[in-house]
Amino acid sequence: MRTILITGPGGSGRTTIAAATALTAARAGTRTLLLSADRTDTPGATLGSPTGPAPREAAPHLTTWRPDATGRFRADLTAFQSRAANVLDLLGAARLDAEEVTPLPGAEELSFLRALRDAALSERYDLLVVDLPPLPQALALLGLPEELRRYLRRLLPPERQAARALRPVLGRLAGVPMPADWLYETAARWDVELAAVEAVLTDRATAVRLVAEPGPAGADALRTAGLGLALRGLPVEALLANRALPETAPESWPAGLLAQQRKALDDWRELPYDVQAVPHLGRDPRGGDDLGALAVPPVNPSSAPVGWPVTDRIAEDGVLVWHLPLPGAIREELDLIRRGDELVISAGPFRRIVPLPSALRRCTVAGAALREGELRIRFAPDPDLWPAASR
């Protein structure tokens with residue numbers, strides 16, 4: 001199944017473009033699901049068919065779904081309290097009733113990610129169009145599964161389960177109860193769920209459509225977004241310049257705005273994206289006819305994945321080179337820290353901790369350079385771990 005993630009700056013019309021993209025695919029006979037993170041029913045207003053907490057048909061071959069984060073959080077918390085009953089009783093904790101539960105910070109994001117996983121694993125659809133939040137929130141959301149899995153592995157490493165037989169002894173020595181089996185079982189279950197979401201986001205069939213209105217604000221947002229997506233290894237399938245004024249605009253249209261848009265479009269066509277202009281209808285699009293008039297391009301059947309290859313330069317320069325495409329990165333805003341078998345990469349406002357490829361774990365960092373939007377990190381083989389390299 002193809003998955004298209006759609007986001008853009010706030011007010012760029014990303015939800016409208018997501019609805020138009022989904023409707024265009026459905027009209028071509030593709031079984032399509034439009035999954036929206038919008039708290040209000042903007043997708044339903046745009047399509048002319050309400051969306052809600054359960055999947056529902058909006059048009060032939062088109063299903064919409066706007067998950068209910070509050071309801072799902074209540075169900076999860078109720079189930080958690082049931083599993084942790086013994087520990088809660090030991091602590092003398094009073095359980096929460098479902099009607100008094102309100103979502104905690106982050107619960108809405110996790111609920112939406114689980115809905116994304118469920119939709120992607122479903123065999124009912126050929127295309128999943130995901131209406132993400134505005135860019136800053138979307139970039140944080142896309143990095144959440146990987147980061148949470150790392151925290152779980154550090155705080156509750158799976159190998160500790162092998163010491164289950166020693167917990168009673170350790171508990172008596174420490175004078176406090178040791179973590180119960182349910183804690184590790186819960187961590188393992190969360191890890192599996194997060195891994196499934198991460199697999200969807202990193203799948204070769206997943207790509208991003210960026211939506212922005214041509215102009216200075218859109219250009220600044222795209223520059224930041226491109227860097228954040230590249231650091232996550234997410235390919236951009238297309239850049240849709242929304243609300244683009246026609247070349248032969250009526251005299252009533254502001255000439256300054258038209259010139260500003262033309263300049264922005266000329267600049268955007270220099271970016272490594274497929275840039276498509278979506279026309280301004282002179283009104284907010286409502287209903288299938290308006291969405292069809294936007295003439296959004298059909299989804300590409302496939303997209304080129306973002307690769308981080310390692311090239312062998314040992315014979316020529318005595319190093320291995322790791323190539324990380326980071327368009328928009330600025331040398332002064334880059335920082336690298338080696339931590340064991342991981343590399344901490346900071347690029348502008350973004351930070352990611354990535355595991356080193358197996359070959360590079362036997363090397364030491366020998367330097368790095370940023371050239372033409374690509375970060376090239378040089379690794380020298382460690383003579384103690386690469387005996388042949390030191391001869």
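Helix H5 has 15 residues and reaches 21 Å from its first C-alpha to its last. That is close to the 21 Å expected at 1.5 Å a residue, where the expected span is 1.5 Å times one less than the number of residues. Helices (H or I, at least four residues) and strands (E, at least two) are DSSP runs, numbered from the N terminus.

This is a predicted model, in which local features need pLDDT of at least 70, side-chain atom pairs count only at pLDDT 80 or more, and totals for chains, interfaces and linings use all residues. Residues are numbered from 1 along each chain as its sequence is written, and side-chain values use heavy atoms, with hydrogens and water left out.

Stay with H5. Its buried residues are Ala107, Ser111, Phe112, Leu113, Ala115, Leu116, Arg117, Ala119 and Ala120. Buried means under 20% relative accessible area, exposed over 50%, and partly exposed in between (1.4 Å probe, protein chains only).

The lining has 24 residues, and Ala37, Asp38, Arg39, Ala69 and Glu108 lie nearest the centre. By type, 11 are nonpolar, five polar and eight charged. Here Ala, Val, Leu, Ile, Met, Phe, Trp, Tyr, Cys and Pro count as nonpolar, Asp, Glu, Lys and Arg as charged, and the others, Gly among them, as polar. A pocket is an open set of points on a 1 Å grid over the protein atoms alone, where a 1.4 Å probe fits, with protein on both sides within 12 Å along at least five of seven lines; lining residues have an atom within 4 Å of a point.

Now turn to Thr32, in strand E2 (residues 32-36). Thr32 counts as buried because its relative accessibility is 0%. A polar atom of its side chain lies 2.9 Å from the backbone oxygen of Thr30. Beyond its neighbours within four places in sequence, Thr32 is in contact (heavy atoms within 4.5 Å) with residues including Ala22, His61, Tyr125 and Val129.

Pro309 sits in the loop between helix H11 (287-293) and strand E9 (310-313). Its relative accessible area is 43%, so Pro309 is partly exposed. Leaving aside neighbours within four places in sequence, Pro309 touches Val321, Trp322 and His323.

Last, the whole protein. It has 12 helices and 15 strands. Of its 391 residues, 44% are buried.

Technical notes
Polar contact = N/O pair within 3.5 Å; in protein donor to acceptor, adjacent residues only side chain to side chain.
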